[in-house]
Amino acid sequence: MKSQILRRLWAKLIEPLDGWLMLFLGLIFLLSLLVLYSASNQSFDKIDNKLAYTVLSLTIMWVIARTRPQVVMHFGPPLYLIGLLLLVAVHFKGITVNGSTRWLSLGFTRIQPSEIMKIALPMMIAWYFQKHEANLRWWHFIVAVVLMLLPVGLILKQPDLGTATLIMAAGFFVLFFAGLSWRVIVGGLIAFSASLPVIWHVMHDYQKKRILTLIDPMSDPLGAGYHIIQSMIAIGSGGPIGKGWLNGTQTHLDYIPERTTDFIFAVFSEEFGMIGNLILVGLYLLIISRGLMITARAQTLYGRLMAGSITLSFFFYAFVNMGMVSGILPVVGVPLPFVSYGGTATVTLFIGTGMLMSIGKLRK
Amino acid sequence: MAREKLTSLKNLRSEENQFQLRLVVAYGFMLTMFVLLIGRFIWLQVVQYQHFTTLAQNNRISLVPILPNRGLILDRNGVVLAQNYSSYTLELTPSKIDDIDATIEQLKTLVDVTPRDMKRFRKFQEDAKDFETLPLKVKLTDEEAARLAANMWRFPGVEVKARLFRDYPFKELTSHALGYIGRINPKEKQQLEDDDKTTNYRGTTYIGKTGIEAVYEDQLHGQVGFEEVETDSGGRAIRSLKRTPPVNGNTLKLALDIRLQEIADKLFGDRRGALVAIDPNDGGVLAFLSKPGFDPALFIDGIDSQTWTALNSDWHKPLVNRALRGIYPPGSTFKPFISMAALMSGIIKMDDIRPAPGVFVLPGSAHQFRDAEKKGHGMVNLQKAITVSSDTFFYKLAWDLGIDRIAPVVGQFGLGSKTGIDLDGELSGVLPSKEWKARRFARLGPAAQKWLPGDVVSIGIGQGYNSYTPLQMANATATMANDGRLFRPHLVESIVDVKTGRETRVNTTPIRQLPFPQTYFDYIKQGMAGVLKPGGTAGAIGAGLTYTMAGKTGTAQVVAIKQGAKYNAASLAEQNRDHSWFIAFAPVEHPKIAVAVIVENGGWGAGAAAPIARALFDFYLTGKVPPAIADDLKTATLPIVQAPPPAKKAASDEVANP
C-alpha cells in the first residue's frame, strides 16, 4: 500500500523527464563530482554547494519539463525585455570587477543579467519566428538579428567577449534552424573573415593578447601564456590513461588556474587521461544526439528552434571550453557545461534541459 | 484553392526537408569539431606525452643546492687561519624588481646603506646578469635583519638570507699566503663551465681568488649537496623528496707557524720587504710574509673602486706579494752559491789563498769595481771571502769563471726558476746566462744580445742581471743548509678529509739531490757560519747565540753609484736606498730552519735584515720572544692546540701514498 503510493509518486516525478538525457547527465554529474573533489583539494565545501545548486537546478528543470512548450514560449518576450533592461542598468550602475562591468547589485545578492540572455534571446527569437510562422520573409530575419545584436552589443561593452559569443551563437542557431539562407551564412562567413583586421583593430589589448597567446603561448610564458601553458602541460602529462584520480601534480601543486571552474577540464584530463577525455566527449555527443532527436521530432517551429538552439549551445559550450583549455581556441570565460563549478551557469543549463525535455515529451 | 493548398503542402514538405538537412549538417559539423578536438588530445596526450611529462616534472621538482661549508685553514699547530661564520645579507634580484632605485630608497629607511655599499652594488650590477641575486648590504645586525624580515612583503625581489662568510682572523698577517675568496666573476664562471664544474658550484657565490684559497679551491670548496623538493606554482617547497647532503670542504693544515709569522711581522714593523722561512728537512714553509699586507676582508664582498685605487696607487704596494713576485738582485747573499760554482769548476781549491784588495780593475779597462771595505781584506781563502764578503775577491772569481760556468751550478739551487710552491703567480726571476741575454734583448738586435765580458763581473757579487724572489733565496738557502736536497716548498703540509678524518700529507720527497761533494757544502756552510762570528759581516748579530747559526748578508743596490762617487744613504730618497738582505739557517749541524729576509731600502744587510732573522731563530729554536715586541703579540701566548697524533692511520697513509 505504502509502496503503491511511493510508486505513484515516483511515476509522477519521472513522468516529465527524458530518461536518456537523465542517464547521460547523471553520468556526467558523477564525473564532475570526482573531478571537483580532486580540484578542490579534497574539500567537501564545494561538493556540498554543488549538490545544493544541482538540486535547485533539477527542481527548476522538472517544473519547466512538465510545462507545455507553448506556455513556456510566452515567457520569452517579457524575459528578453527584463534582460535587456537589466543590461542597460548594468551599463549605468553595474559593479566593476577586474575591469569589466557585468554584475548588478540587488542589495542581498548580485546577478549577472547576461546570463538571463543565454536563454531569453533564443526564446525571444523563436517566439518571434513562431508568430510569423506562416509567412517568414527576409525582413523577419533582419528583425531577429536586431533582437540579437541589442543584448550582444551591450554585453560586448561590459566587456565580456565569452558570454557575448555564447549568446550570439545561441541566437544564430535559432536563425540557422529557421532557415537562414545558405547564401547569407556563407556570405556572412566571408564578410567576417574579411573584416578580421577591423575586428582586430577594435579589440581590447587583453583580447589581442589572448589571440597572440593562442598562436604562441611561449611568447609570454609567465604572463598571458602562463595559464594555457600550464593547462596544456596538465593535459599532455595526463597521457593516454591519466595520472589517476587525486594524483594530478599540476592540479595539486596549484599550477592550474581556475581549476574548479573554467579550467576544470585540465584537472579531469590530467587525472583521467585520453580515456577520460573520450568518455567525456562521448557523453556530450550522446546528449547532443538525444537533443537533436528531440529537435527532429518537435511538432512546432518554436519547439524545433528552441530544441535545436539549446542542443547546439550545449555543444558550443563544451567545444569552446575544451578547445580553450587544450590550447586551440583563445581563452574566453566559458565554463565546461554540467562540470564546471558555478551555480548560475548550472541553473541556466538545466533550464535549457528542462525546455528540451518538455519539447521532447509534450510535443506542443 | 486545391492548388493553393497543394503548393503550401509542397512548401511544407520542402521546408521539412530543409530542416532535416540542416539537422544533418549541424550534426556533421559537431562531429567534425569533436574529431578535431580528439585530434588535439592525441597530439597532447600521446604524441607529446613525454615532452609534457618532462615539463610537469620540471614544474614539480626543483633541485635546491645545499652549500658545503668551505674548508678550514689551520696553521701547523692547529690555530685557525681561515674559517666561516654565518651572517645575514640583504640581497636584491634586479629582474624581479621594477624600480631598483626606488626600492633601495625605501630600504634605506630600514637599514643604513652606506655610499660604499651603493658603489659596490652598482659595480655588481654592471658585471652581473639581471636574474642574478646581488648583495646590497652584508653582515646585517640581528636587529636590522629582524626589521627587514618584518617588512619583506613590501619588497618583491628583495631577500634577507643567512649566508656563510669567510673570516681571516689574522687579516694582514696572512693575506699574502692565504689569499682570499671573492664573488665569482663572469670569467671564472666561464672557466667553471669549461672545467665542467658548474653543477658543483650551483648556489656557490664565492671562489678562491688568489693564494692558498685559489690553489686549493677544489679541496676547500667541497661537494655541493642537493635537496629535491616538490614545489607548488608559487615556488614554495611543499615537501622534500630526497636529500643528498653536501660534503664540506677539506681542512688544510699548513706548515706555517702563525706565531713565527707574527713575530716576523712585528720585527718588520712598518718597513717594507719580505721574509720566507723554510724547514730544510721537508720544504715546509714556516713563515711567509710580504710587507705591507692588506686586509683580505676588503675583497671578499667586492672592493669598491675607491679603496681599490687607493691600494693600487700606494707606493708601498701592499697588494704586491713580494715574497712570491718581488724580484730583487740578491747582492752578496749570492756569494755562497757562486762559491759552489767556483769550487765545482776547479779554478779555486778550498785552501787557495787569493788577494782581496780594495779595488778590482777589469783587465783591459779603466773601470774600477770597488770593495765595500776601502782597504780590502788582505789575503783570504774562499771561505774567508764569504765570511768577510769581499767584493773584489768575487769580482775576480766571476771574471775567472765566466758566465758559462756560473749559471749551470747556481741554477741547481733553484735560482732563476720557479720553486713550484703551492701559490699562484710565482715569478721565476733571472739567472743570467748567454742564452738568457740573447733571448731577453732579442728585439734590440745582435749587439745588445751579445754577452760582454764585463757583464759577468757584477754577477759575482749578486748584482748585474741577477734577480730572484725572496722565496727562491729562502729555498736555495734551505738547499744549501741540508747539503743539497732541493725540495718543492709548500705551505700546505697536510689535507684532512672532513668525512673520514684521514690526514694526507703532501708529497715531501726532494725534487733532486744536488750533485756536489759534501766537503764543498761543509766548506761553504762554515764560511756562512763565520758571518755570525766575530770578524764576520754580521758578527754583532751572532753575539750571545745559544745554538749555531750560519748566514750571509747582502746589500742590493737600487741605483747605480757613479764612478768615484760615494754611496750616501742619507742623501738618497728612501725608495732609492739599498735593499737589506739576509739569508740564514740554524742550527748549522742539523738545520731546522732556513730563512731569507729582505728589507726594502733597509740599507746594508747586517743592519736591517739580519737582526730579524736572528730574533726569529731565537724564538723558533729556543722559544725566546724578543722583548721589544713581546707586548704586541697576539699569538705567541696562544695555547698550542695539537692536532690528534697521526697514529697508525697516518702510517698506513704513508704506505698508500708514498
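In β22(B), which residue is the bridge partner of K552(B)? The partner is I583(B). This report describes a predicted model, in which local features need pLDDT of at least 70 and side-chain atom pairs count only at pLDDT 80 or more, while totals for chains, interfaces and linings use all residues. Residues are numbered from 1 along each chain as its sequence is written, and chains are lettered from A and ligands numbered from 1 in the order in which they are written.

**Chain B overall**

Chain B contains 25 helices and 23 strands; helices (H or I, at least four residues) and strands (E, at least two) are DSSP runs, numbered from the N terminus. Of its 658 residues, 41% are buried, that is, 20 or more other C-beta atoms, placed from the backbone, lie within 10 Å of the residue's own. Among contacts in chain B with a separation of 6 or more, 74% join residues 24 or more positions apart; a contact requires C-beta atoms, placed from the backbone, within 7 Å.

**The sheet and its helices**

Five strands of chain B form an open sheet in the order β12-β11-β23-β22-β21, with antiparallel pairing; two strands pair if DSSP finds at least two bridges between them. β12(B) and β21(B) stand at the edges with a single partner strand each, so one side of each is left without a neighbour in the sheet. From one strand to the next, the twist averages 5 degrees. The pairing of β21(B) with β22(B) is antiparallel and extends over seven bridges.

| Helix | Strands of chain B | Angle |
|---|---|---|
| α21(B), residues 470–481 | β11, β22, β23 | about 150 degrees with β23(B) |
| α23(B), residues 605–622 | β11, β21, β22, β23 | about 30 degrees to β22(B) |

**Helix α17(B)**

In α17(B), residues 403–412, the buried residues include I403(B), I406(B) and V409(B). The buried residues of this helix pack against α14, α16, α18 and α20 of chain B. G414(B) follows α17(B) and has a positive phi, near 95 degrees.

**Contact between the chains**

Chain A contributes 34 residues to the contact and chain B 30 residues. On the side of chain A that touches chain B, α14(A) provides the largest share, 10 residues. By class, this side has 20 nonpolar, 12 polar and two charged residues. Here Ala, Val, Leu, Ile, Met, Phe, Trp, Tyr, Cys and Pro count as nonpolar, Asp, Glu, Lys and Arg as charged, and the others, Gly among them, as polar.

Key. Two residues are in contact if their C-beta atoms, placed from the backbone, lie within 7 Å. Axes are lines fitted to C-alpha atoms, for helices over the stretch in contact, and angles run from 0 to 180 degrees between N-to-C directions. A residue is buried if 20 or more other C-beta atoms lie within 10 Å of its own, exposed if 12 or fewer, and partly exposed in between; C-beta atoms are placed from the backbone.
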